[in-house]
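Please keep the sequence and the 3D view open as you read.

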Amino acid sequence: MDWRDWHQFIDGGGLLGFGHDPVSPVAERFGDIVRLTVNAEEADSPVIELSVTQLRHLLVGVERNLADFLALTADWASRHLPDHGTLVTAALARALDSPASAEPL
């Protein structure tokens with residue numbers, strides 16, 4: 001699972017498992033509401049509810065933060081690894097599933 005799966009979840013609804021064992025966190029969409037459950041295997045598990053609109057805004061923030069981080073990394077790599085900066089930036093862009101065309105800030 002990666003950050004793009006959240007977009008598919010918002011558009012398609014259903015159930016989205018996220019996180020790591022030993023708990024089973026899930027996201028469920030009920031109309032315009034998204035419910036995040038910390039551990040779906042426990043009846044009294046903590047939950048967070050937010051609107052689909054709020055989740056979309058959070059995802060936009062994630063995308064912006066990833067793009068900004070990649071741009072900062074590209075700038076750093078061009079200064080500190082001039083012979084490898086492009087390769088480092090491209091590898092990081094692949095790992096983040098982001099466009100490799102980030103411009104230094």
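Which residues are exposed on the other side of α3? They are L87, R94 and A95, where exposed means over 50% relative accessible area, buried under 20% and partly exposed in between, computed with a 1.4 Å probe on protein chains only. Before going further, a word on the ground rules: this is a predicted model, in which local features need pLDDT of at least 70 and side-chain atom pairs count only at pLDDT 80 or more, while totals for chains, interfaces and linings use all residues. Residues are numbered from 1 along each chain as its sequence is written, and side-chain values use heavy atoms, with hydrogens and water left out.

Helices and strands here are DSSP runs numbered from the N terminus, a helix being H or I with at least four residues and a strand being E with at least two. Helix α3 spans residues 85-96, which makes 12 residues, and its first and last C-alpha atoms are 16 Å apart, close to the 16 Å expected at 1.5 Å a residue. That expected span is 1.5 Å times one less than the number of residues. The buried residues of α3 are G85, T89, A90, A93 and L96.

Now turn to α2. This helix has 29 residues and reaches 41 Å from its first C-alpha to its last, close to the 42 Å expected at 1.5 Å a residue. Its buried residues are V52, L55, L59, G61, L66, L70, A71, T73, A74 and A77. The cover over them includes α1, β2 (26-30), β3 (33-37), β4 (47-51) and α3.

How do α2 and α3 pack? Their axes are 8 Å apart, at an angle of about 160 degrees; axes are lines fitted to C-alpha atoms, for helices over the stretch in contact, and angles run from 0 to 180 degrees between N-to-C directions. α2 is therefore roughly antiparallel to α3, since angles over 145 degrees count as roughly antiparallel, under 35 as roughly parallel, 65 to 115 as roughly perpendicular and the rest as oblique. The contact is made by L66, F69, L70, T73, A74, A77 and S78 of α2 and by G85, V88, T89, L92, A93 and L96 of α3, with contact meaning heavy atoms within 4.5 Å.

T73 is buried, with a relative accessible area of 14%, and leaving aside neighbours within four places in sequence, T73 is in contact with T89 and L92. L66 is also buried, at 17% relative accessible area. With the neighbours within four places in sequence set aside, L66 is in contact with W3, L96 and S98. The C-alpha atoms of L66 and D97 are 9.3 Å apart, although 31 residues separate the two in sequence.

That brings us to α1. Its buried residues are W3, W6, F9 and I10. Seen down the axis of α1, these fall within an arc of 95 degrees, so they line one face of the helix. They pack against β1 (15-17), β2, β3, α2 and α3. The face turned away from the buried side carries the exposed residues Q8, D11 and G12. Just after α1, G13 takes a positive phi of about 70 degrees.

The axes of α1 and α2 come within 11 Å and cross at roughly 155 degrees, and the two helices are therefore roughly antiparallel to each other. W3, W6, H7, F9, I10 and D11 of α1 make the contact with V52, L55, R56, L59, V62, E63 and L66 of α2.

One more stop in α1 is R4, which is partly exposed at 36% relative accessible area. Not counting residues up to four places away in sequence, R4 touches D97 and S98. The C-alpha atoms of R4 and L96 are separated by 10 Å, with the two residues 92 apart along the chain.

Note on methods: The arc is that of the directions from the helix axis to the C-beta atoms.
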